[in-house]
Amino acid sequence: MIANDQIDFEIKAGEIHAILGENGAGKTTLMKILFGEYQPDEGEIYISRKLVNFRSCLDAIDLGIGMVHQHRKLVPAHSVIENIILGHPRAGTILNISRAEKEINELCQKYGFNIDLKAKVWQLSEGEKQVVEILKALYRGAEILILDEPTSALAPTETEKLLESIKAMAKDDLAIVPFITHKLPIVLAISDRVTVLRRGRVVSTMDTKDATERSLAMEMVGREVIFRLERTEVEKGETILEVKDLSALSNKGLIALDSVSFSIREGEIFGIAGIAGNGQGELVEALAGLRNLEGGKILLDGQDITQSTALERWQAGIGYIPADRIHVGSIGDFSLVENTAMNYYFDEAYSRKGTLDYDKIRSLTEEIITEYGVLTPGPDTTAKSLSGGNLQKLILARVLSRKPRLVIAHLPTQGLDIGATEFVRNKLMEAKQENAGILLISEDLDEVLSLSDRVAPIYEGRFMDIIPGHEVKRESVGAMCAGIYLDEEEV
Amino acid sequence: MKIGSYQFKLEQRASLTGWRAASISIFAIVVALVLFSLIFIFAGINPLLAYREIFSYAFFNPFGLPLTLNRFIFLLLCSCAFIIPYRAGLWNIGMTGQFYFGSLAAFGVLYVFGIGGASETQISAWLLIPLMLIAASLGGAFLGSIAGFMKGRFNVNEIVVTMMLNFITFWLVSFLIKEGGLFMNPGGRGESFELPNSLRAPIFLDVTFTIIIALGAAVLLFYMFARTKLGYQIRAYGKNPEAASYAGISKFRIPLLVFIMGGALAGFAGYHYFAAVPGVYKIARNYGFFGDLAFYGIICGLISQGNPLAAIPVAFLFGGLSIGGRFVQGKLGMSFGVDFALLGVLMITLVAFQFFYRYKIVCFKKQEEHLDVGIPH
């Protein structure tokens, strides 16, 4: 398939030039070509007016291209400094760690990075790991720095720091090329110019000062996008879910969830805002019956389901949309029909005496495909051939079609493009109007704030507060996600 | 790669139909036979003649064919015993142990009824034969369940557990049948007591009735995986255990169940070989040989890609070649081990050809013509 079709653009020294495009617009392919991982079938790359030909990443690195991967390519068990000098030409024979340390520290000071070079990489946060990758590229003498989704895994404070560092680097005549899927505010905040890709072609290159969020979104999607989702008010009914003093351990055996209590009523979206790794995953798994509790109680419609298995909870009316679509939410080698069966194999209406009614599941799958507009050749294709957005549509449809009493939506729009995000949010709103209770967990603050009837910022396994939707202030919730309560005057 | 004006390129296959897989396997078998003919040539024997002897004895000879069929039943049961856990993503390396345990349980029934070593018994065969069948299956299932339980409850690697149990059971058999053991043959020949004549398994048209159970198991398993709820759950667990538990499929129940089912079939193979095959009717002195042969269940299961129906022809071929190989070795005066060497070459070639399950070779002519000469079509 042609992923990149006649792409032309240029990057100037000292410029921050964002590449913007939805999933499947050809960003990854372009990035890999620029970094020498793929060879273009046609076309040429010039660096400083010289025609270059990358046979591998090494050629690209030698010519001053640095890459900061979204999925970090670091050795977790090694220290920061070891990771930075790994593969450095001067580290070939005898290591001069102290000299490297001095030089790296200079780089850190120059661009405002604050990192302990002796720390092991596995101990670092996502933001710190990214800093390691940036330092690694800079230390190898990169003049053009490609950043893949630079802010996707960062906390708000980390994002701000990164943006400052990026600006400092640009002042030093480095060219910075961030590739971004959907964080339009970031594009507007830092870049000097922006190139928008759609379906493998450059649709436009413009100066950022001439662009707005709306115009960029239009260029990306090719049509007008409605940004503000109207939160419809629904009469709140009975309490569906009641959680009392729920505690659970993380996989490392540490307290991840510390006495959390809340309840959700019919027709309500309860949003949990927070940065990844503050107990959201554990909370979701505890509710779905996939994690043992340290203490606490879970009531669904007044019934105690604390001891129920995952299957019993499905049958009791919990519908869980997991964050990890590929490893948890679907089975890649299974057909779409078999994937639909994941939420239906236990349903009496779809089986007879231990035999699954595949015909019925197939027609259900066909309905889902048409109703939700899943792009696929047919119900017999494998799930792994679907794109992220289409897979999410399938999972969402599969779960919502059961008409669950409680929907648990964990990062439902993560990694989706604008069109699919809009779709998923609308479907959650529809479920709310049909009187389901919805638990929405998201790292996208704007998403939580615009959808939720009540918002609970989570930090280190505790709710900082539970705030009714109309009283929410963005700044104070953002601060609470970082564990800080703002004074009223500061807001 | 270029040859003349043609260019060859490897391409990944998007999908593989059953027939395409079968034709690749048949092609692999032909290649294996061609390769193995080198051994005959080095031994100064005309390979065509050797193969004619092998195939005619194994598949057409009135003495050879029943031997082939008995081995086929044994291999098919072991293949199914491997396939059930395999579809759940688990590796049963313990068919050997489960097979021994099944044999011991079957003979244990005789011991319990006090007819160990007696040449006749008054107790009805209608009672004892079903009891021996059930005992053999339960014995195998018990040994299997240990691995399944350990996997499900404590996530202990099933390969290690089944492998270790093989050794334990091997020596347990030895302990029971050799000098002083409970099942010792009165003659003290290092084998178990013999089955009374009246308890020999019924035979129809030179074939023991166990063939019905073996074929039935393969067909039922195929149906189970294709249509039933349980089969779906096993497959889901096998392809993605995380997603399976998300969907409410028990991480404990599935490993336990597949090992119980697999163990039961391997245990039943124990009944088949030591209590149903004509001319044996005892736990033989060379019981280790049949234990090793049980490993061929892994090979047959893998070659048939976990499809119980495909395991039928594969087990038949392996059964026949092992019998025919042994025969030709004696007849043509070759050195020891021709049968296992032949199975070995066949196995390696079949495994190597699985490469073509995922890739195909595409041939271009210079004029951009797109000829698909996949090996094999």
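Strand 7 and strand 8 of chain A form a hairpin, with two residues between them. In the turn, Arg199(A) has a positive phi of about 50 degrees. Strands here are DSSP runs of E with at least two residues, helices are runs of H or I with at least four residues, and both are numbered from the N terminus. This is a predicted model, in which local features need pLDDT of at least 70, side-chain atom pairs count only at pLDDT 80 or more, and totals for chains, interfaces and linings use all residues. Residues are numbered from 1 along each chain as its sequence is written, while chains are lettered from A and ligands numbered from 1 in the order in which they are written.

Strand 7 covers residues 193-198 and pairs with strand 8 in the antiparallel sense over six bridges. Two strands count as paired if DSSP finds at least two bridges between them. Val196(A) has Ser204(A) of strand 8 as its bridge partner. Val194(A) stands opposite Met206(A) of strand 8.

Axes are lines fitted to C-alpha atoms, for helices over the stretch in contact, and angles run from 0 to 180 degrees between N-to-C directions.

Strand 5 (residues 144-148) of chain A is mostly covered, with five of its five residues buried. A residue is buried if 20 or more other C-beta atoms lie within 10 Å of its own, exposed if 12 or fewer, and partly exposed in between, with C-beta atoms placed from the backbone. Ile144(A), Ile146(A) and Asp148(A) point one way from strand 5. Leu145(A) and Leu147(A) point the other way.

Strand 4 (residues 65-68) of chain A runs parallel to strand 5 of chain A, joined by four bridges. Ile65(A) stands opposite Ile144(A) in strand 5. Strand 5 of chain A also pairs with strand 6 (residues 175-180) of chain A, in the parallel sense over five bridges. Here Ile144(A) stands opposite Ala175(A) of strand 6. From strand 5 the chain crosses through helix 6 (residues 156-171) of chain A to strand 6, and this β-α-β crossover is right-handed. That term applies if, with the strands pointing away from the viewer, the path from the first strand over the helix to the second runs clockwise.

## The four-stranded sheet

Chain A also has an open sheet of four strands, in the order 10-9-12-13, with antiparallel pairing. Its edge strands are strand 10 (255-265) and strand 13 (303-304) of chain A, and each pairs on one side only. Strand 9 (residues 239-249) and strand 10 of chain A pair in the antiparallel sense over seven bridges. Thr239(A) stands opposite Arg265(A) in strand 10.

Helix 9 (residues 280-288) of chain A packs on the sheet. This helix touches strand 9, strand 10 and strand 12 (295-300) of chain A, and its direction makes about 60 degrees with that of strand 10. Two residues are in contact if their C-beta atoms, placed from the backbone, lie within 7 Å.

## Chain A as a whole

Chain A holds 16 helices and 21 strands. Its radius of gyration is 24 Å, close to the 23 Å that the globule rule gives for 491 residues, so chain A is as compact as a globular protein of that length. The radius is taken over C-alpha atoms, and the rule is 2.2 Å times the number of residues to the power 0.38.

Along its principal axes, the C-alpha trace of chain A spans about 70 × 50 × 45 Å. Buried residues make up 43% of its 491 residues.

## Where chain B touches chain A

The contact takes 15 residues from chain B and 22 residues from chain A. On the chain B side, helix 8 (229-239) and helix 9 (241-246) of chain B are the elements that give two or more residues. Helix 8 of chain B gives the largest share, six residues.
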